[in-house]
Amino acid sequence: MILYSENYGERIVIVRRYLKDACPSNCLVLASLLNVSMKTKEVTKMLKGGHIFFRTYCLKGGYVLETKISQPKTKGLVFVLSDPYKKATEYVFDLDSSVLKTDEHSLAIAKENALSRISADIHSDLGLDFASPVIDIDALKNAMIEDIVKLMDEFSKSEIGDVLYLGPSEKKDPLYGKDIFSKKISELESESIKSGTDAAKVIVLTGDKVNDYDSYLLFKQAIMCVSKKIEKLIDSTYDFEYRIEDGILDDSHGYIIVSSNDSNLPLIEKAVSRLSVTDEDYVASLLAYNRIELNICLSPDKAVEEALKLLSLGIDSKDELFKVKECDKEKVVKLAVALSHSKEVL
Amino acid sequence: MLKSDYGKLGCPFYAEKLDNGLNVYLIPRKSTIKSAVVHISKGTYADTKSISFGKINDGSAYFLANIILDDELKNRLLMDGVLATVEVTSSFTAFRLSTTGDNLFEAISLLLERISSQNYSEDEVNAFRKLDVLRALEDESDSIELSKRFTRKALYFNSPSQNGNLPDSAAINLIHATALKRFQECYYVPKRMALIVSMEEDAKKMVDEVRKLKFPRNVTMKEDKKDIIEDHTKVSQEYLEIKGKGSLSYFTYGIKFPARKDLYTGFGEAMFYYYEPLIDLLFKKNQSFLSNIQDKRAELISATLEESGEDAHIILTFCGDDVKAVCNYMADYLSAPEKRVSSSFFDSYIKDYYANAMQVLASPYSVVEAFSSSLPNHIAYTSLAAHTIRMNYNNFRKFLTELKRFPRSCVYVRKA
């Protein structure tokens, strides 16, 4: 997917490689070891103001190894990407285990960094897309370099993946014709949420299939509308601390997660049972929607996050991602009402 | 309109002074974002004793900014697709508006309407006070904030810089609506304001829109300043140890700069260019410094250069227990600061700085903020960036040599 925007002053190229089966601990060590391996004078010198970063996360029931390379657009300096991506291809597209540092010290640092960055949360427990994988700490500590190298080779050979370019318009193809994957991640089936957790109630909403950017935005705001209503119901009845978040699960499902102490979960379920969305709930959803959409336009990180969600769903927003698009109030409320009727509390 | 263009940066801007004294900066950028900053050249640096014979308490600038841009106004703007935020530093207050719609000037107009009016009562001040007391109490029990706060106090004898940026819980209770209204009448006036606008539009068209806006009236008030007698050659306290409430120990190391006028005499405007890379080159990105700190089983968690009035200081906060080892190392490190930054590190950093500046300049959202931040030193951001990029290594080293003479303080907040 190619998204042109002058908003951020940088070129960002992301390549995602997908494996259905992999050891999550090894995935985490691999991403960490790749980051360690890139910290050489040679790479730093070549990148100058640019950055290269690797991470791994859950997606569509498998694991993604993501490479992100970003470079500010400047005049007069020779950066790795300034000659349209010739050198970058070595790092981004033709990545294989030969770039890995395989000495014990580098592996130890990689493990230490991976351990300090473990961010498993409720998203991980639910196996949501983009969540950090749930890992076995002992397995991470005992990860062997041979297994990490093997995993890297498996990711390199994977024919499932996708590519994103986000940045200023270029005369030439900004991806240098490197469509290296025969199967796109968006073609894979999404995983459904099977149950809530001890610390959260999950409300799954089902709507019509989202097939373009406009229907995606409408779906997004309608889910927010239901979420805001649930917030209102809890606030008006109870006085306990909770956290609520919402999102799109796949092209026809949304989710709302309400987390709190386990003793409050039955009360949350009770509040949700009284769910009924009206016109009045639109305003709160509009505020949330506008804030999120504006932040996507203002922050390159948020824009990338959103672009990757769209890429996973196979929706091309084109340049519309960089301008807040209003959704029709009546349509939002109508869809939110329909979604609230479809709710399934886990 | 005066056009300024630092070619390599590819970001010309236009400046205009309106008849009411308002400085306007217009920065055309190719982007879907449209941003503006209403800049008030008064921040939390509490050098005002009274206005029209009424006492002004610390924290007034911070309270007023948050009462003007309250949740009601923020939500009203957000409903129209405009994100509004306010930043209050020691030197200025900046209201920033951003949208991708066609209503930026309507949003500026709405904000100016609020700035021009004084439609708030003691009840609204009390409501903000109630919220802010929680923030202040949290800060006062946070070991990191505590170490920074006491370091500022240890650095200065008399300057308002010793009180930091945000009011403490005691100061919060002394702020009242009547004093805020006097403060607003005195400082929220065109002659003490600037408007910075950036969008994909011709500067001429932008200034025409600016001229249609309704600004507050210029009012001259009797402003009584505090007598600030500060000795910049020494600190009020070199070392202080206090018991914190957290599970980790933190310490903050402060470096007090000479009075701004004295540095200016020695280095001229270049002192501001030296400030730009100083913290990164000497501390934050200096691998040798960081690994030596790590060897002392400590970690640098923040490093900032703070400026207000005649004062400037560096605040370095560490997490660790062996404060003595780090202080000894710091004394040694700062005995020859000019030797800590190699020419190759300097060159490579400046290239990174240039790349970063280009990114800042690309977006209207970040460019208006950058211009606002550099206004207190009367320098346009593009000028600051362009001069920093051209900075000479040997001149920078001369500035570093001076640093060894600057007095220092350290405050250690021991874990509970």
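A search of the whole structure, which is a predicted model, turns up zero disulfides over all chains. Two cysteines show how this comes about. A disulfide needs two cysteine sulfur atoms within 2.5 Å. The sulfur of A:Cys225 has its closest cysteine sulfur in A:Cys327, 11 Å away, so the two are too far apart for a bond. B:Cys319 is in no disulfide either; the nearest cysteine sulfur belongs to B:Cys410 and is 13 Å away. Are these two cysteines buried or exposed? A:Cys225 is buried, at a relative accessible area of 0%. B:Cys319 also counts as buried, at 18% relative accessibility.

**Where the chains meet**

The interface of chain B and chain A involves 25 residues of chain B in contact with 25 residues of chain A. Between them the two chains bury about 2,300 Å². Carbon and sulfur atoms account for 65% of that area. How many salt bridges cross the interface of chain B and chain A? The rule finds zero.

A:Arg291 is one residue with contacts in chain B. Its place is in helix α10 of chain A, residues 282-298. A:Arg291 touches B:Asn75, B:Leu78 and B:Leu83. With 39% relative accessibility, A:Arg291 counts as partly exposed. A:Asp125 lies 166 residues from A:Arg291 in sequence, and their C-alpha atoms are 28 Å apart in space.

**A three-stranded sheet in chain B**

Chain B holds an open sheet of three strands, in the order β6-β5-β10, with antiparallel pairing. Which strands stand at the edges? They are β6 (54-55) and β10 (223-225) of chain B. Each has a single partner strand, so one side of each lacks a neighbour in the sheet. Helix α7 of chain B, residues 177-187, packs on this sheet and touches β5, β6 and β10 of chain B. The direction of helix α7 makes about 95° with that of β5(B).

Strand β5 of chain B covers residues 48-51 and is joined to β10(B) by three bridges. Within this pairing, B:Ser50 has B:Asp224 as its bridge partner. B:Ile51 stands opposite B:Glu223 in β10(B). B:Ile51 also has a bridge partner in β6(B), namely B:Gly54.

The pairing of β5(B) with β6(B) is antiparallel and rests on two bridges. These strands form a hairpin with two residues between them. In the turn, B:Ser52 has a positive phi of about 50°.

The loop between α8 (203-211) and β10 of chain B contains B:Thr220. B:Thr220 is exposed, with a relative accessible area of 70%. Along the chain, B:Thr220 and B:Cys186 are 34 residues apart, while their C-alpha atoms are separated by 6.8 Å.

**Strand β3 of chain B and its partners**

Strand β3 of chain B, residues 23-28, pairs with two strands considered here. Strands in a sheet pair through backbone hydrogen bonds, and may be parallel or antiparallel. With strand β2 (residues 13-17) of chain B, β3 runs antiparallel, joined by four bridges. With strand β9 (residues 193-199) of chain B, β3(B) runs parallel, joined by six bridges.

B:Asn23 takes part in both pairings. B:Lys17 stands opposite B:Asn23 in β3(B). In β9(B), B:Asn23 has B:Ala194 as its bridge partner.

The hairpin of β2(B) and β3(B) has five residues between the strands. There, B:Gly21 takes a positive phi near 95°.

**A four-stranded sheet in chain A**

Chain A has an open sheet of four strands, in the order β7-β8-β6-β9, with antiparallel pairing. The edge strands are β7 (243-250) and β9 (344-345) of chain A. Each has a single partner strand, so one side of each is left without a neighbour in the sheet. Strand β6 (residues 200-206) of chain A pairs with β9(A). In β9(A), A:Glu344 is the bridge partner of A:Val204.

| Strand pair | Direction | Bridges |
|---|---|---|
| β5(B) and β10(B) | antiparallel | three |
| β5(B) and β6(B) | antiparallel | two |
| β2(B) and β3(B) | antiparallel | four |
| β3(B) and β9(B) | parallel | six |
| β6(A) and β9(A) | antiparallel | two |

Technical notes
Residues numbered from 1 in each chain as written. Chains lettered and ligands numbered in written order. Predicted model: local features only at pLDDT ≥ 70, side-chain atom pairs only at ≥ 80, totals over all residues. Heavy atoms only, no water. Buried < 20%, exposed > 50% of the residue type's maximum accessible area, 1.4 Å probe, protein only. Contact = heavy atoms within 4.5 Å. Pairing = 2+ DSSP bridges. Axes fitted to C-alpha atoms, helices over the stretch in contact; angles between N-to-C directions. Buried area = accessible area lost by both parts, 1.4 Å probe. Salt bridge = Lys/Arg side-chain N within 4 Å of Asp/Glu carboxyl O. Lists of a residue's contacts leave out its neighbours within four places in sequence.
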